[in-house]
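Here are my notes for you on this one. Have a look at the picture first, then read the points with it beside you.

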Amino acid sequence: VFPSLAQAQASVANEVYQELGQPSVFLFCPTEYCSSLCSPSPSQSCYLQTIGQELLPDIGVIWTGPKVVSQELSAVLLEEVEAVLRRHPVIWDNLYANDYDCRRVFLGPYMGRAPGLMSKLHGLLLNPNCELQANFIPIHTLGTWFQSELGSCAHPDHAGMEAVAALGDNQGAQDGSYSPQEALELALRDWVAEINQQALEPGR
């Protein structure tokens, strides 16, 4: 019926979206949802070009970054993806995901995301560790990162810092930007307080 997979997917997604009354949040996960799955690249992918052209503009498109589990996210990559999809992507962040390997648990801070990314995103979803208790630091430090991004949006002059700031930079105390190390220390203090509070509860 359809000349390509992308056209079929876009047609079905558009029809479901309209049938549901065009909800404010409607997400589409493409078959090529990261750079490593694109042939030959996101900007030259016929599949993504078709999705960008055919998918209704208010439908959000999910993207995981350079890889399925991306250690880094850069503004340059997001701009390339935005251009081909014709919309800001919704990041599906698998930094902490361990459903593919139960021996892996990531307890470190949210990091590897360049400053000033929020203005280039339609949204961000965090795929957590499967173990509930292991997600205190991931979610807490994500919140700290988000607050720093809100500060950058309020002060656009900070957005240019990306050109000189390395991913995972620890200069946060000096310039007000996000510091993974400081975020980790703050999360650890709050986690210990939470654990101590639970220990005092009857029956624990």
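1. Which residues form a nonpolar patch on the surface? They are Val 12, Val 16 and Leu 20, with about 270 Å² of accessible area together. Patches are built from residues with over 30% relative accessible area and no salt bridge, joining like charges within 9 Å and nonpolar side chains (Val, Leu, Ile, Met, Phe, Trp, Tyr) within 5 Å. A salt bridge here is a side-chain nitrogen of Lys or Arg within 4 Å of a carboxyl oxygen of Asp or Glu. Areas come from the Shrake-Rupley method with a 1.4 Å probe, and for residues only the protein chains shown count as cover.

2. Before going on, a word on what you are looking at. This is a predicted model, where local features need pLDDT of at least 70 and side-chain atom pairs count only at pLDDT 80 or more, while totals for chains, interfaces and linings use all residues. Residues are numbered from 1 along each chain as its sequence is written, and side-chain values use heavy atoms, with hydrogens and water left out.

3. Now the overall plan. The protein chain has six helices and four strands, and from the N terminus its elements run α-β-α-β-α-β-β-α-α-α. Helices (H or I, at least four residues) and strands (E, at least two) are DSSP runs, numbered from the N terminus. Of the 204 residues, 40% count as buried; buried means under 20% relative accessible area, exposed over 50%, and partly exposed in between (1.4 Å probe, protein chains only). The chain exposes about 11200 Å², and carbon and sulfur atoms supply 57% of that.

4. Two strands count as paired if DSSP finds at least two bridges between them. Two bridges join β1 to β2, and two join β2 to β3 (residues 90–93).

5. Take a closer look at β2 (residues 60–63). Gly 60 and Ile 62 point one way, Val 61 and Trp 63 point the other way, and all are buried.

6. What do β1, α2 and β2 make together? They make a right-handed β-α-β unit, with α2 covering residues 46–54. β2, α3 (residues 75–85) and β3 make a right-handed β-α-β unit too. Right-handed means that, with the strands pointing away from the viewer, the path from the first strand over the helix to the second runs clockwise. Within α2, Tyr 47, Leu 48, Thr 50, Ile 51 and Gly 52 are buried, and the buried residues of α2 pack against α1, β1, β2 and α3.

7. Contacts are worth a look as well; a contact means heavy atoms within 4.5 Å. Among contacts in the chain with a separation of 6 or more, 71% are between residues 24 or more positions apart. Asn 94 lies in the loop between β3 and β4 (123–126), and is buried at 5% relative accessibility. Leaving out residues up to four places away in sequence, Asn 94 touches Thr 64, Val 68, Val 69 and Asn 127.

8. Most residues other than glycine have a negative phi, and most peptide bonds are trans. Gln 22, in the loop between α1 and β1, has a positive phi of about 55° although it is not a glycine, and is partly exposed at 47% relative accessibility. Leu 20 sits in the loop between α1 (5–19) and β1 (27–28), and is exposed at 55%. Arg 86, in the loop between α3 and β3, has a positive phi near 65° and is exposed at 57% relative accessibility. The peptide bond from Ser 39 to Pro 40 is cis, with omega near -5°, and Pro 40 lies in the loop between β1 and α2.
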